[in-house]
Each structure stands twice: as structure tokens, then as C-alpha cells.
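Subject: Structure for you to look at

Dear colleague,

I am passing on the structure we spoke about, and below it I have set out what was found. Please read the notes with the model open beside you.

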Amino acid sequence: MENQLPLFYGLSFLTAALAFAFAAYLYLWVKKQPTQNERIIEVSALIKAGANTFMRREYRILATFAGVAAVIIFVLLPSPVWSGNILDNVSMALAYLAGTALSAVAGKIGVLVATLSNGRAAEGAQKGIKPAFLIGFRGGAVMGLLVVGCSLFGVAAVLMIVGDSSILLGFSFGASSLALFAKAGGGIFTKTADVSADLTGKVELGIPEDDPRNPAVIADNVGDNVGDVAGMGADLFDSNVAAMASALVIAQSLSGGALANVSMVFCYAILGLLASVIGIATARIGKNGNPTHALNSSTYVTTAVFLVLTALATLAFDGFSWRIWGASATGLLVGVIIGITTDYFTDDTRPIVQRVAHASGSGPAFTVLSGVAYGFISALPAMVGIAVSALVAYQLCDPLGEGYAIFGIAMAAVGMLSIVGMIISNDAYGPIVDNARGLAEMGGLGEETIRTADELDSAGNTVKAVTKGFSIGAAGLTVISLLGAFMSEANTALAEAGKELITGFDIMSPTVFFGVLIGAAIPAVFSAMLILGVDRNAQRMVAEIHRQFNTIVGLREGKTKPEYDKCIDIATTGALRELIPAGLMTIIATVIVGFIGGPMAIGGFLLGNIVSGLLLALFMSNSGGLWDNSKKYIEAGNEGGKGSEAHKSAVIGDTVGDPFKDTAGPSINTQITVVSLVSSLLSSVFVAFSLFG
């Protein structure tokens with residue numbers, strides 16, 4: 001087996017290069033699609049400029065943060081520089097910077113392609129659903145291929161150069177810290193604009209969703225790109241890297257089969273990317289096809305291809321275990337089941353969304369109450385799925401020897417994220433067709449084209465909810481395996497200090513329970529800070545919209561253009577002001593708990609954080625998705641249609657759900673990953689300096 005690891009390093013680089021080449025082909029294909037409507041070209045340019053301005057300012061702030069963090073890492077990790085291991089510290093700091101850089105590059109290119117695709121998808125909708133779908137999906141696929149290609153390339157390069165999987169935790173922390181701030185910042189931006197545009201446009205003025213008279217409409221379209229493309233791309237890049245890093249850390253600690261298990265992690269990651277390439281290449285829709293079914297079918301094809309390829313690889317290579325394959329397959333299948341159950345609660349052809357739409361006829365209070373209730377119920381199947389996959393993986397791999405049970409859970413996470421290339425493609429499709437719908441309206445392409453774009457957009461909303469559920473489920477398994485990686489790192493430090501090793505976390509221990517209670521509270525406080533950020537920023541933008549309608553002569557009649565740039569600037573400035581405090585709060589809380597209670601308190605902290613965080617993330621993502629599609633269901637002519645009391649109530653429900661599903665909900669799983677990685681990286685510090693550990 002010793003000679004096979006270099007083979008998998010080489011195959012990792014080759015597969016990543018294939019993904020990059022295919023992404024370049026799709027980019028050129030999208031770029032060739034015609035765009036001739038002058039108004040659409042003008043608005044697309046405004047969206048692109050706004051997105052680039054926000055990301056440039058955001059990345060400038062994050063570069064400063066990353067620079068400071070890299071210096072701290074160099075001084076302290078994996079051990080203080082004055083202890084003499086300066087090369088390890090340099091490697092950790094460089095790995096951290098590489099993680100942030102690759103995540104930023106993937107997000108930046110994704111936004112470039114999304115802003116290139118939206119106008120072309122709008123004009124494609126004039127020809128029918130098929131050409132518009134292909135433009136939207138292939139534009140999103142560029143992001144999917146880049147994210148997975150970058151993560152596989154980065155992990156393989158770091159491990160090949162350094163040889164120590166613990167350095168991968170620094171690489172993963174770089175990806176997750178950037179993802180945390182990018183998702184939070186992008187989410188605050190997009191929901192500031194979305195909430196403001198809906199409240200002033202639909203509720204106050206009774207004008208259409210993407211009416212060009214609304215000063216917030218361009219900021220709303222910019223937000224779709226910086227929040228749902230760059231933000232979610234960074235989020236899933238982080239999840240994929242964290243899953244591989246935790247599996248590799250545990251694999252290297254296993255006795256007897258470390259090389260075989262490390263090779264198996266890379267092999268499955270390679271085959272997952274290949275399966276995604278095949279799924280993307282074969283994605284099709286008929287002339288009058290259903291876009292939701294087309295997206296889901298591509299996911300099922302990718303899943304089946306991955307299961308077959310990994311089974312053949314397990315059969316072909318010595319040292320690969322069928323039990324570990326079973327754990328990986330379980331994770332993937334549970335991920336698909338989580339996606340199906342999320343679809344049931346958020347698809348507007350299903351009864352749950354229609355019940356919330358019907359309740360809206362009685363007023364906004366009933367919209368909110370029913371949405372909250374169904375959102376909480378929707379968390380149960382996913383939580384059960386995560387629990388079952390962890391339990392099955394644990395039991396399958398436990399007979400292989402000490403440490404293999406946790407490795408099985410880590411491989412279940414790798415399995416669930418194996419088709420992440422397809423998942424991101426579906427997710428990025430959503431904001432592209434959302435923008436396309438707005439551009440079709442602003443470009444005056446006619447009601448038939450807008451209806452086609454609405455159908456594509458509705459599918460995007462449903463699939464976005466599914467991908468959020470999938471990514472949260474994957475984060476759940478990943479952080480369980482990161483808990484195993486934390487135990488491994490902490491036990492190494494405890495052994496060096498001559499202290500008793502950790503075998504588990506007893507919640508009856510006051511130290512562990514102390515950590516559990518604080519860890520459980522952090523996701524709620526983190527969510528509140530992000531939602532309050534949207535609230536404060538949206539109030540500023542609503543005031544600006546009122547100012548423009550009250551002072552700009554001819555704006556209400558459509559004779560004068562609004563000052564779009566003022567709203568974009570409010571969203572940008574406010575988002576950048578709000579994104580740092582919430583992220584820093586989670587990191588500082590982790591450090592304080594570690595210094596007070598040591599590794600045992602951190603174990604409890606992570607347990608509480610995982611359970612509370614997963615519940616809140618699933619609840620907020622699903623309730624937000626069902627409110628959004630309830631509104632769209634009414635706008636399609638049901639329950640009284642546009643302008644009815646049910647519609648006004650549904651718009652209010654949607655504005656409540658916007659920061660739930662696109663700001664706080666999907667940011668929580670990144671928050672969980674960040675605190676898990678901080679805990680692992682600082683485990684030796686907590687062992688040495690805790691008050692009660």
C-alpha cells in the first residue's frame with residue numbers, strides 16, 4: 001500500500017485539473033450565448049459592478065483579519081515558536097493562508113460567472129425553458145466544479161508537501177474562517193436589500209417584485225450573487241475541506257492501516273468529483289420539462305455513479321474495507337434522504353407550503369405561526385438522519401479496531417459531501433435564475449418570458465432549500481468527526497503533559513456540563529446578531545427608499561431612474577460593519593471556555609454547539625424556504641393571487657424568512673465548523689493553561 005499514496009496524490013491533481021478544464025469549457029459556452037437587450041445589458045453591468053465593489057471591500061477586510069490570524073498562528077501553533085519547532089509553525093500559517101486564498105478565489109470566479117449568466121438566462125427564457133435552464137445550470141456548475149477542484153487540490157498539496165495531517169486543520173480553519181465571514185457578510189447584504197425591496201415595493205406601493213422604479217431592486221440582485229453564490233460556495237468549500245481534513249487526521253492516527261485509510265479518503269474524494277463531472281455533463285431538460293425534476297435527476301445520477309465507482313475501487317485496492325465503504329454510502333444516502341424531506345417541506349407543489357399559503361388568508365400572524373411550526377417539525381427528519389448515519393457508521397466500523405468507529409463517522413461525512421460539486425451547481429443555479437427573472441421584467445421581455453423565468457426561479461428556491469439542508473446535514477457529520485479529531489489532538493497534548501487521556505465526555509461532570517450549556521447558547525446568540533444586523537441595515541435602506549420616492553420627481557411614474565448606487569452602498573457598508581462581531585464572538589467564546597475548563601469543557605461546548613446549532617440551522621433554513629415558496633404559490637394565482645390579503649401576509653412571512661434562510665441558518669453550520677477547528681488547533685494551549693481542566 002505504501003506505493004499507492006503517491007498514486008492518489010497524482011490522481012487528485014489530475015482530477016482537479018479535469019474539473020478546472022470542464023469549468024473553463026462551461027464558462028466559454030455560457031459566454032457564447034447571445035445577449036442583445038440593451039436594458040438587460042445595462043442592468044447586468046450594474047449588478048456586476050455592485051457585486052465586485054462589495055467583494056473587493058469585503059476581501060480587503062478579510063485579508064486584514066487573515067493576516068492578523070496568520071501571525072497569531074505562526075507564534076502559537078502547533079506549538080509556541082520559542083519551543084524551537086519554527087518550521088511547523090510556518091507550515092501551519094501558510095496552510096491557513098492557502099485555505100483562505102483558495103476559498104476566496106472560488107467565490108470570486110463564481111460571482112464572475114453568475115453575473116455573466118443571469119442576463120443570458122433571461123434572454124434564453126424568451127426561447128423557452130430548456131435554453132434558459134441550461135444557461136442557469138451550467139453557469140452554476142462552473143462554481144461547483146471550481147469549489148471541489150480547489151478543495152481536492154489544496155488538501156492533496158498540503159498533505160503531500162507537509163506529510164502531517166494536523167497541518168490540514170490550519171488549511172481547513174483558513175477555509176472556514178473566510179466562509180464564516182463571507183456567508184455572514186453576503187447574507188446580511190442580500191437580505192437587507194431583499195427585505196427592503198419587498199416591504200416598500202410589494203407591501204407599501206403595490207408594485208411588482210423587480211420593478212425598476214424600486215431603488216433597492218439592483219441591490220437585491222447584487223445580494224443574490226454575493227450571498228448565495230460566493231457565500232454558499234465558501235460555505236461548502238469549507239465543509240468539504242473540513243470533512244477531508246478530519247478524516248485524514250483520524251486516518252493517520254489509526255494503527256495498522258493508516259496508509260490504506262489515507263489513500264481511501266483521497267480515492268473517494270476523487271471519485272466524488274468525477275461523479276459530479278458526469279452528473280453535470282449529462283444534465284438535461286425537455287422542451288417543456290420540469291426544472292426541479294431535472295435538477296433532482298442529476299443529483300440522483302451523480303449519487304448512483306459515486307456508489308458504483310467507490311464499490312469498484314474498494315474491490316480493486318488492497319487495504320480498502322467494505323465496512324468503511326458502507327459508512328460512506330450510508331452518509332451519502334442519508335444526505336439524499338435529507339434533501340427529499342427538505343423538498344417535502346419547501347416545494348410549492350407539496351401540501352405544507354400550500355397550507356401556509358392558505359393560512360396567510362387569515363393574516364400575517366397565521367403565516368408566521370404556521371411557518372414556525374412546520375419549520376420546527378421539518379428539523380426532525382434531518383436530525384434523525386444525521387443521528388442514524390452516525391450510529392450506523394460507528395457500528396459498522398467499530399469492529400475494525402480502536403479509533404475506526406470515529407473514522408467511520410468521518411467517512412460518512414466524506415460520503416455525504418462526495419457529490420458536493422453537483423450540490424453547489426444546483427445551489428448556484430438558484431441566484432442566477434432569480435436574477436434572470438428580475439432582468440426579464442426590467443428588460444420588458446413580456447409576461448410569457450417572466451412566467452418561464454418564474455418557473456425556473458421557483459425550482460431554484462426549492463433546490464436551494466434542499467442544498468442548504470444537505471450542507472447542514474453534512475456539517476453535522478463533519479463536526480462529529482471533528483470532535484474525534486479534537487480528542488486525538490487533545491490526547492496527544494495530554495500524553496506529552498503526563499495527564500490522563502480523554503476517553504469520552506460525561507455530561508454529569510460539572511466541567512463538561514458547563515461547556516454544554518454555553519456551547520448550546522452560542523448558535524442562538526450568533527443568529528440573533530446576524531438577524532439584528534439585517535434589521536438595522538434594512539431600516540436604513542427603507543428610509544433611503546422613502547427619501548427617493550418622496551424627493552425624486554417622476555420616480556413613481558417611471559419617468560426618472562432611481563439612485564440605485566445609494567442602496568448598494570447602504571447594503572455594502574452595513575454588511576461589512578456587521579459581519580466581524582458575530583464571527584469574533586464565537587471564536588472568543590470558544591477560547592474563554594477552553595481557558596476556564598480545559599479540554600473536557602471544550603468537549604461539552606462542542607456537543608452543545610453541535611446539537612443546538614443543527615436544530616436552529618435546519619429550522620431557519622426550512623421555514624424561510626417554505627415562506628418564500630408560499631409567497632410564490634400565491635403569486636402564481638392561488639389563494640387570491642397578487643395583491644390579495646393572503647399575498648400581503650405571505651410577503652411579510654417571506655421578509656421574516658429571508659434572514660432565516662439566507663443569513664443566519666446557513667451561517668450556523670460554518671460557525672459550528674469554526675469553533676470545532678479552533679478547539680482542535682488550540683487543544684495543546686487549553687491543556688497547558690486552563691484553570692480547572
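In what follows, a residue is called buried when its relative accessible area is under 20%, exposed when that area is over 50%, and partly exposed in between. Lys566 has a relative accessibility of 37%, so Lys566 counts as partly exposed. Please keep in mind throughout that this is a predicted model.

Salt bridges

The count of salt bridges in the model comes to 21, and I describe a few of them here.

A salt bridge of another kind of setting joins Asp658 and Lys661, whose side chains meet at 3.8 Å, N to O. Both residues lie in helix H17 (residues 645–681), where a spacing of 3 residues separates them by about one helical turn. Asp658 is buried, with a relative accessible area of 0%, and Lys661 is buried as well, with a value of 7%. The two are also members of a network of salt bridges that links Lys191, Asp194, Asp628, Lys631, Asp654, Asp658, Lys661 and Asp662.

A nonpolar patch and a buried isoleucine

On the surface, a nonpolar patch is formed by Val68, Val71, Ile72, Val75, Leu76 and Trp82, which together have about 560 Å² of accessible area. Val68 lies in helix H2 (residues 38–76) and is partly exposed, with a relative accessible area of 48%.

Ile634, by contrast, is buried with a relative accessible area of 0%, and its place is in helix H16. When neighbours within four places in sequence are left aside, the residues in contact with Ile634 include Ala357, Ser360, Glu639, Gly641 and His647. Between Ile634 and Met383 there are 30 Å in space, C-alpha to C-alpha, and the two are 251 residues apart in sequence.

The largest pocket

Finally, the largest pocket has a volume of about 1,100 Å³. It is lined by 39 residues, of which Ile406, Ile480, Leu483, Gly484 and Met487 are the closest to its centre. The elements that contribute two or more residues to this lining are helix H6 (217–253), helix H11 (364–397), helix H12 (404–416), helix H14 (447–496) and H16. Which of the elements gives the largest share of the lining? That share, which amounts to 8 residues, comes from H14.

With kind regards

Methods: Residues numbered from 1 in each chain as written. Predicted model: local features only at pLDDT ≥ 70, side-chain atom pairs only at ≥ 80, totals over all residues. Heavy atoms only, no water. Salt bridge = Lys/Arg side-chain N within 4 Å of Asp/Glu carboxyl O. Buried < 20%, exposed > 50% of the residue type's maximum accessible area, 1.4 Å probe, protein only. Helix = DSSP H or I, 4+ residues; strand = E, 2+ residues; numbered from the N terminus. Patch = residues over 30% accessible without salt bridge, like charges linked within 9 Å, V, L, I, M, F, W, Y side chains within 5 Å. Areas by Shrake-Rupley, 256 points an atom, 1.4 Å probe, with all protein chains shown as cover. Contact = heavy atoms within 4.5 Å. 1 Å grid on protein atoms, 1.4 Å probe; cavity = no way out; pocket = protein on both sides within 12 Å on 5 of 7 lines; lining within 4 Å. Points joined across faces, edges and corners; volume = space filled by probe spheres on them.
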